[in-house]
Every structure is written in structure tokens, then in C-alpha cells.
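This briefing is for a reader who meets the structure for the first time. Please look over the sequence and the model before going on to the notes below.

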Amino acid sequence: MKKLGVAAALSLCALSASASNFRGADQVYVPAAGHLVGGSGTFISDVFVSSLETTDEVDVSVIYAPTTGLTGGVIEKKNAFRLRAGERRTFVDFFPTVLGIQSGLGQLIFNGCLAGADCGPATQDADGYSPFFRSISVESRIYSIPPNTTLAQKPPTLGQGFSGIPWYMFASSLQAGNKLDKVFITGITQNGGINEPGTYRSNLGLVNASQYSTTTLVATLYQNDMTAANKKGEYTVTLGPLGHIQVNVPTAFPGFSGTNAFIVVEQRNSVPTSDSPTSCVQGCPAFLAYGSILDNVSGDPTTLEPQFFAPLSEDAIAVIFPSGSGKSGNRRSVRH
């Protein structure tokens, strides 16, 4: 995995990615994926990977970091597959078919490299950049099939999409000055019970996006606004390098029931690992978060994506969408 260079990139790029849906990068996270048998069925992930290169072939390596509590550690599959220039490929049931993992749940990290080249530390500069990095984008769908069925039987499925997140789009405690140190997740609903029509339940996912630090993530649940009177609970978890955890709202915030709620996630106390590069300030602290809301009758899930607290700045817009060379300045296309 490449050396994460957070501070310089996040001040501009994280919000540009969020605002303009820039998903391409040489390193892309999928925060939740797996193949796991549960009481309600088997959870499966299909993954869709695209090469953004127009001339070069790309070798794609994959890192799997399991959810906290599952057996086994981080697994890396070097050169898991190769993409032709501009190729788009679908992988059905990614874990057993590509990774050879029959049971697992956690985050995936995809690294694109020029085919046949070495993108490891030996070719990287102090900030973790290699001239052989190549860009890809990743989308995924995690879904369930009923108990005692297989995909070959073409059973009905229930699932949700997860867009791959480029390495420059995570939040970091180092970026408080740019308001990129915390995120919020809206749409949290916890009411009623299983099989009760018109009610919903919610889950929260938290990811340590850094290989080079252990970090503490604090999730605070609010209802309506962020005043002290509307604070409904706080959930704290410490995650090791690339650690991942998913919890339901009643576990994280006991006793809460209601609608119009949201969760704010921030990062504290990042401790570098012994092999953290010198250019990784505080172990390159970085995190991801996401939510899910599920119908209590159908089980139909919807992904709730995180949002930063700041909009894309005018300076950042000018950099991404510059005027000049005959192009006019960027402006709103609808009357305000």
C-alpha cells in the first residue's frame, strides 16, 4: 500500500471530489464488502472496476481488512487482475472469485499500477507517490440472498450500492483548519420493530483509512440540530490500522428512538505505528464513515453517504474549472 500523504491533498481535493463526483484515483476504498452467511441469508458483493487509462494496461492489487471481531488479519492480493486500457469489468461475488476468501466482511482497498511495473516503496518519493501509479474507479453492490440458496439458483436479492472512495476524499484530524476533520450522516431513523410497516432501522459504519496509525473515532448522535439539548448519545471506538466496524444504532446509542436524526463523526488520539513513514504526520490519520437505513418489513437497505461541513471553496472551484483559453468563468446556471 502506498504511503498516505493526507495534509497537502485534502485541503483542496477532498471537497472537489465530493462536489464533482471525482471517483478516479490510483488508490480507491470500498468501505463495506464481503461474502458472509448470516441468519437472514448470505451477504455477497459484486464489484465493478474501470480503468481510466487511455493507453496503458493496469495491474490492480487488492487489500482486504476484516471487520473488527472477525477472525483473520489483513490480506493483500498483489496483481489480483489486469485491465486493458479503458476496460470496464464486473466481478460477481468478488470475495471467493477474486480473493479466494470464502467467508469475510470488511473494507477493500484497490491499488492501480502500470502493468508489469513495481509501485512499491522502492519507486515512491517521500510523499508516497510513484510515477507508475495508474488510475481506476470502483463501484460495488453488497446484497443478500435468502438462506439456503445460491446465486446459481437466481434467487431474489436485496442490496445497496457503495461507490469507491478515492484516497484523497477521506476526512482527517489534521484538517480542522479546512473543516475537513469531521463528517455528518443524515437520514438516521430508528423506530418501530421488525415486520412493523412504515418503520425503519439504521446502522453505522466506521473505518480507519490509515495503515500507519491506530485511531479513536467518536460518533455523536443528534436530532434536529447540534445543540446540547438535542444530543442523544455518543459512541467511541478505537480502531487499529485499516480497522473497520459496523454497528446498529441501538448498540451504539442505547435507548434512542426517533426520526430526523444525524450522526457527526470525528477523529481523536491517532498513534503512529512503528513503521509509519517520517512524512506521515501523526501516522497519516484518516477515516471514513457511512450509514445505512433499512425498511423493517422488507429489509430493503439504502446507503447514507457522509458529508463534510464545508462547501467547495471559490478558490477550489477556480482551480478545478479554470477560465481562460477561450473558456468563460464558471457561474450558476439557474437563477438564484
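This is a predicted model: local features need pLDDT of at least 70, side-chain atom pairs count only at pLDDT 80 or more; totals for chains, interfaces and linings use all residues.

Which residues do ring pairs link into a cluster? The cluster consists of Phe-81, Phe-91, Phe-94 and Phe-110, joined to one another through ring pairs.

**Overall build**

- The protein contains 4 helices and 18 strands, and its C-alpha atoms fill a box of roughly 55 × 50 × 50 Å when the box is taken along the principal axes.
- A compact globule of 336 residues would have a radius of gyration near 20 Å, and the protein agrees with this because its own value is 20 Å.

**Aromatic pairs**

- The count of aromatic pairs, for rings whose centres lie within 6.5 Å, comes to 10.
- One of the aromatic pairs is formed by Phe-81 and Phe-91, whose rings are 4.5 Å apart from centre to centre with 45° between the planes, an arrangement that counts as tilted.
- This pair links distant parts of the chain, with Phe-81 in strand β4 (residues 75-83) and Phe-91 in strand β5 (residues 88-91), 10 residues apart, and both Phe-81 and Phe-91 are buried.
- Another aromatic pair, that of Phe-162 and Tyr-290, is edge-to-face, with 5.2 Å from centre to centre and 80° between the planes.
- Phe-162 belongs to strand β8 (residues 158-163) and Tyr-290 to strand β16 (residues 287-295), so the pair ties together parts of the protein that are 128 residues apart in sequence.
- Phe-162 counts as buried because its relative accessibility is 5%, and Tyr-290 is buried as well, with a relative accessible area of 3%.

**Residues with positive phi**

- Asp-93, a residue other than glycine, has a positive phi near 55°, and it lies in the loop between β5 and α2 (94-99).
- With a relative accessible area of 10%, Asp-93 is under the 20% limit and is therefore buried.
- Gln-282, again a residue other than glycine, also has a positive phi near 55°, and its place is the loop between β15 (258-272) and β16.
- Gln-282 has a relative accessibility of 42%, which means that it counts as partly exposed.

**Ala-65 and its surroundings**

- Ala-65 is found in strand β3 (residues 58-66), where it is buried, with a relative accessible area of 1%.
- The C-alpha atoms of Ala-65 and Gln-107 are separated by 5.4 Å, although the two residues are 42 residues apart along the chain.
- When residues up to four places away in sequence are not counted, Ala-65 touches Val-74, Gly-106, Gln-107 and Leu-242.

- Thr-236 lies in strand β13 (residues 231-239) and is partly exposed, with a relative accessible area of 44%.
- If neighbours within four places in sequence are left aside, Thr-236 is in contact with Thr-216, Leu-217 and Val-218.
- Thr-236 and Gly-177 are 59 residues apart along the chain, and their C-alpha atoms are separated by 23 Å.
- Ser-274 has its place in the loop between β15 and β16, and it is exposed, with a relative accessible area of 82%.
- The C-alpha atoms of Ser-274 and Gly-291 are separated by 32 Å, the two residues being 17 residues apart along the chain.

Conventions: Residues are numbered from 1 along each chain as its sequence is written. Side-chain values use heavy atoms; hydrogens and water are left out. Helices (H or I, at least four residues) and strands (E, at least two) are DSSP runs, numbered from the N terminus. The radius of gyration is taken over C-alpha atoms; the globule rule is 2.2 Å times the number of residues to the power 0.38. Rings of Phe, Tyr and Trp (its six-membered ring) pair if their centres lie within 6.5 Å; planes under 30 degrees apart count as stacked, over 60 as edge-to-face and the rest as tilted. Buried means under 20% relative accessible area, exposed over 50%, partly exposed in between (1.4 Å probe, protein chains only). Contact means heavy atoms within 4.5 Å.
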